[in-house]
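Reader: Please show me the sequence and the structure. I will then ask about a few residues.

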Amino acid sequence: MTSSPSSEQPPIPLPLKPIPGSYGFPIFGPIKDRYDYFYIQGREKFFRTRMAKYNSTVFRANMPPGPFISSNSKVIVLLDAHSFPILFDTTKVEKRNVLDGTYMPSVAFTGGIRACAFLDPSETEHSVLKRHFLKFLASRHDKFIPLFQSSVSEMFDKLEKELEKNNVASFNPVSDSASFDFIFRLLSDRSPDEKLSSEGPGLVDKWLSMQLAPLATLGLPKFLTCFEDLIIHTFRLPFALVKSAYSKLYDSFYESSGSFLDEAEKQGINREKACHNLVFLAGFNAYAGMKVLLPIILNWVGSAGEVLHLKLAGEIRAAVKEDGGLTFSALEKMSLLKSVVYEVLRIDPPVPYQYAKAKQDIVIESHDSAFKIKKGEMIFGYQPIATKDPKVFENPEEFVGDRFIGEKGEKLLKYVYWSNGRETEEPTTENKQCPGRDLVVLVSRVVLVELFLRYDTFAVEGTRSSLGWSVKVKSLTKASS
C-alpha cells in the first residue's frame, strides 16, 4: 500500500539573485539620485521608474540627503509587502540612529542626548525609556477620548466660522492648533497657557524643520533649485537658529509634567533626560504625526464622496446613541469606521520611510526572488508603494473604505505597516513599533466620529507637496438627524 502525498507541499525555494541597481560614482552618483528624487522625477516616480527598469521590487539606490550630510547614502530599496517586514525584525537588523534615514541630526536638537527614537532595542536605555512611555500612556487611557473631543470640537467651531466668512477654510492651521493642545494636555499635568497655546505649534514646527530640512524641498522655482539644494541638502542647519524655540518647549514641559518626570526618576531615569525625551515624544512623534495624519484623513475621506459619508454617519450615530455617548465600547462597534482609518493608513502612511542596518548577512525574499544583504548594509523601505502591493491588495491604488471589514479584510491588516511594525502586532520594549500606535488609531477614529456627529457630508480640496497635504474645506453640510 502506497502512502498518499502530503497535502501541504514544502515551499519551493526562490532563486537567489544579485541585487540590481548601481550607486554610481562617489559623490556624483548620490547627487544625481538626489536631483532625480527632489527635482527631476519626484519621489514616487523615482522609485517606480527604477522598479520598472530593473523589473524588481528590490534594488540599490542612493537616498537623500547624500553628501555631505550623510556619511553613506547607499541603500537597498524594498518596495513590496513581502520583503518589507525585515525592517521590523530587530534580531536581524539594527535601528540605531536611523530614524531620519542615512543621516542623524545633531544631538543638540534633543538636549545633547540621543532620544529613545534613535536607540536600538539592544541598548538597555531603550527598554527603560520605552517601558516608561508605554506605562505612562496606559495611565492616561481614560483621558484620551474626552481630551481629544474637546480639542476637536473647538477645531470644527473655528472651521465653521472661517467657512462662513470666506466660503473656504484652511484645515491645517486649526488642525495643528488642536493637535498641540491635545498632546500638551495629555502628556503634561495642565493645559497650555494662552501664550504657549498660540505659539506652541510654531515653536515645534521651527524645531522640526531644522532637523528634517535635508529630506524636504520648498517648492521653489526651478532656477532656484541649485540654491535650495546647496543650502538644505548639502550642509546641516545649525541648532542655534531654533535654540530659543526649543528652550521654551523644554521649560514648559519641565514645569508642567511633574507626574511624568517623577515617575521617570523612580525608574532611574535622569529628570532632565526624561524631559528631553518627553519633548521629543510630544513634538516629533505625537504632534508631528498628527500634523501630517489629520490632513491625510480629511483629504482621503473627503474625496471618497457622499455615499461613504452617509454610511459612516449612520454607523457612528447609531453606536454613540446605543452607548449613550462616545466610549471605547462604541468605537469597537464601528466596523466601517475602523476599516476606513486602516485604509487611510495603508494608502497614504504618515511616515513613508523605514530604515535599518543588517546586523549580519541575511537573505530576504520578494514575491519571486531571494537576495543576499551583507552585514552593515543599509536597508530602506518606501511604504506608500509596499502597502499598495498589487500581489496583496486588489485595486491597490484605489481608496476602498470597507477593505478591512470581515474575515478576509482582517487578514490584510498584517500588511498595514505605518507604525514601524505590523498592525497585528503590539509595541513592546523589544521592538521599534511606535509606542503611541493605539493612540494614533484612536485619534484618527475620534476625529471622524466628531465630524460625522456634526455633519452629513463635506467637501475638500487637497494639495500635496514634500511637506505633506494642505487641505481646504469647501463645504460642511450640517447633520440632518
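Author: Accessible areas come from the Shrake-Rupley method with a 1.4 Å probe, and for residues only the protein chains shown count as cover. This is a predicted model, in which local features need pLDDT of at least 70, side-chain atom pairs count only at pLDDT 80 or more, and totals for chains, interfaces and linings use all residues. Residues are numbered from 1 along each chain as its sequence is written, and side-chain values use heavy atoms, without hydrogens and water.

Reader: Is Asn 431 buried or exposed?

Author: Asn 431 is in the loop between helix 15 (406–411) and helix 16 (437–454); helices are DSSP runs of H or I with at least four residues, strands are runs of E with at least two, and both are numbered from the N terminus. Buried means under 20% relative accessible area, exposed over 50%, and partly exposed in between (1.4 Å probe, protein chains only). Because its relative accessibility is 15%, Asn 431 counts as buried.

Reader: How are the rings of Tyr 355 and Phe 380 arranged?

Author: Rings of Phe, Tyr and Trp (its six-membered ring) pair if their centres lie within 6.5 Å; planes under 30 degrees apart count as stacked, over 60 as edge-to-face and the rest as tilted. A search of the whole structure finds 35 aromatic pairs. The ring centres of Tyr 355 and Phe 380 are 4.9 Å apart and their planes are at 50°, so this pair is tilted.

Reader: Which strands does this pair link?

Author: Tyr 355 and Phe 380 are 25 residues apart, so the pair links distant parts of the chain. Tyr 355 is in strand 6 (residues 353–358) and Phe 380 is in strand 9 (residues 378–382).
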